[in-house]
Amino acid sequence: MRYLTAGESHGKQLTTIVEGIPARMPITKEEINESLIRRQKGYGRGKRMQIEKDLVDIVGGVRHGYTLGSPISMVIRNDDFKHWIDIMGEDPIDEDQKIRRVVTRPRPGHADLNGSLKYGHRDMRNILERSSARETAARVAAGAVAKTILKQLDIQIVGYVKQIAGIEAEEKDLTVEEKMEISEASPVRSLDEEAGKKMMEAIDQAKKEGDSIGGVCEVCIEGMPAGIGSYVHYDRKLDGRVAGAVNSINAFKGVEFGVGFDAARKNGSEVHDEIAWSEEKGYYRKTNRLGGFEGGMTTGMPIIVKGVMKPIPTLYKPLQSVDIESKEAFNASIERSDSCAVPAAAVVMEHVVAFEIAKGLLEQFPHDQFPKLKEAIDQYREEIRCF
Ligand SMILES: Cc1cc2nc3c(=O)[nH]c(=O)nc-3n(C[C@H](O)[C@H](O)[C@H](O)COP(=O)(O)O)c2cc1C
Ligand SMILES: C=C(O[C@@H]1CC(C(=O)O)=C[C@@H](OP(=O)(O)O)[C@H]1O)C(=O)O
């Protein structure tokens, strides 16, 4: 299983191609749209989210509500394109016209300067259009396809917000379904109502000050059988792949599983999870401090992964930078941006993690037909219960 995305932030559309999805799996565009709508809802976003109404058009790989086994091709149109036709059109334009709104002032913390140095573009629009997190809508579409697989294999996944600007949501013992319901009802996707209110206040305050804030998202997965992934090669360790996918989300700077970085301060007896067995559950851990992974493989316990998002780089409160044409220092100022995208990013994280998990399952149980995949996984679940 793999996917590619294409498209610029203010171009005509985003395109996602997902390959390796077994044939004969029921799938609807409504399921994908539900994910796209969830990504757009988080508190703290700028004006762009009022312009876009992300909906998918499935243009390949699905017929009459079932996958065909061929690549699934999906399109999300950018409603904002109509305001950018002159700037984002594909036809060549003459040099005089090119001068219109050329971007020569890199924003600290964004991809503008490094991307220009790498590709040699003197108009940084050629960088920012693709480095924009608009692309995460296309990734959510791919993840929504993966989530459809997981759901039909009785694996539940949810992403929510743990922390914004130091305001921590209290730990709650809830099922994935309860977490989904509660986070869905919260504008900041918090499971803790009180903390959620404070997070919203912090976002309002940051916005008022022309600043931005970051935070921590968490994804929880239940229903994964033990032994998915591998210890035999670095690139087959499933926790490593999940961590890579999380860190690849725009503005994500760190990943933790279970107790995560706190493990550095604790003794082994406080970190490792004792093993037990019961007729009903098979092998299980008495605690889940390691967050569902040992040796690059799932333990069968819930997977708990956290991702740290830095504050948004585009600030209304200007930071110093250098104009690449004049080489003069200037105070970066901008037209529009999000002040906090952590709630939206929790949905992105849920979907990129879903993709890696589904990919890990399909690598271990390679089937071209979905009913055979389901049968193989059910059989494996029974096998390991009695092992
Ligand atoms: C959902 C989401 C929305 C974002 N919105 C903005 C934004 O409005 N302005 C901005 O400068 N960065 C935004 N970012 C972050 C940038 O895309 C990101 O910082 C940039 O691509 C540079 O990559 P890096 O931070 O991973 O190094 C957003 C990120 C996500 C996940
Ligand atoms: C468009 C999305 O996010 C964008 C991500 C983003 C960035 O620099 O990453 C900058 C902003 O775009 P614009 O400059 O058009 O306002 C965000 O709105 C989206 O999430 O769909």
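1. **V348 in helix α12.** V348 lies in helix α12. Helices here are DSSP runs (H or I, at least four residues), strands are DSSP runs too (E, at least two), and both are numbered from the N terminus. V348 is buried, because 29 other C-beta atoms lie within 10 Å. The cut-offs are these: buried means 20 or more other C-beta atoms within 10 Å of the residue's own, exposed means 12 or fewer, and partly exposed falls in between, with C-beta atoms placed from the backbone.

2. **A note on the model.** This is a predicted model, in which local features need pLDDT of at least 70 and side-chain atom pairs count only at pLDDT 80 or more, while totals for chains, interfaces and linings use all residues. Residues are numbered from 1 along each chain as its sequence is written, and chains are lettered from A and ligands numbered from 1 in the order in which they are written.

3. **What V348 touches.** Leave out residues up to four places away in sequence, and V348 touches R39, T136, R139, V140 and I249. Contact means that the two C-beta atoms, placed from the backbone, lie within 7 Å. V348 also sits 9.8 Å from C217, C-alpha to C-alpha, although 131 residues separate them in sequence.

4. **Helix α12 as a whole.** How many residues does α12 have? It has 23, and it reaches 33 Å from its first C-alpha to its last. That is close to the 33 Å expected at 1.5 Å a residue. The expected span is 1.5 Å times one less than the number of residues. Helix α12 is mostly covered, with 19 of its 23 residues buried.

5. **Packing of α1 on α12.** Helix α1 covers residues 29–40. Its axis and that of α12 are 7 Å apart, at an angle of about 145 degrees. Axes are lines fitted to C-alpha atoms, for helices over the stretch in contact, and angles run from 0 to 180 degrees between N-to-C directions. Which residues meet? S35, R38 and R39 in α1 meet A344, V347, V348 and H351 in α12. By class, this contact has three nonpolar, two polar and two charged residues. Nonpolar means Ala, Val, Leu, Ile, Met, Phe, Trp, Tyr, Cys and Pro; charged means Asp, Glu, Lys and Arg; the others, Gly among them, are polar. An α-helix has 3.6 residues a turn, so residues three or four places apart point the same way.

6. UniProt, in an unreviewed entry, places the feature "binding site" at R39 and R45. UniProt positions follow the numbering used here, feature names are shortened, and annotations may be inferred rather than shown by experiment. R39 lies in helix α1. R39 counts as buried because it has 25 C-beta neighbours inside 10 Å. Beyond four places in sequence, R39 touches A137, V140, A344, V347 and V348. R45 is in the loop between α1 and α2 (48–51). R45 is partly exposed, because 19 other C-beta atoms lie within 10 Å. Beyond four places in sequence, R45 touches D338, A341 and A344.

7. **Ligand 1.** Of the 19 residues around ligand 1, A133, N250, T314, D338 and A341 come nearest. A residue counts as near a molecule or strand if its C-beta atom, placed from the backbone, lies within 6 Å of it. Helix α12 (residues 342–364) gives the most to this shell, with three residues. The shell has 10 nonpolar, eight polar and one charged residues.

8. **Ligand 2.** Ligand 2 is surrounded by 13 residues. The closest are R48, S132, A133, R134 and R336. By class, the shell has two nonpolar, six polar and five charged residues.

9. Where is S131? S131 lies in helix α6 (residues 125–131). S131 is partly exposed, because it has 17 C-beta neighbours inside 10 Å. Leaving aside neighbours within four places in sequence, S131 is in contact with H110, A111 and G115. K310 is in the loop between β15 (303–309) and β16 (320–322). K310 is partly exposed too, because 15 other C-beta atoms lie within 10 Å. Beyond four places in sequence, K310 touches G214, A251 and K253.
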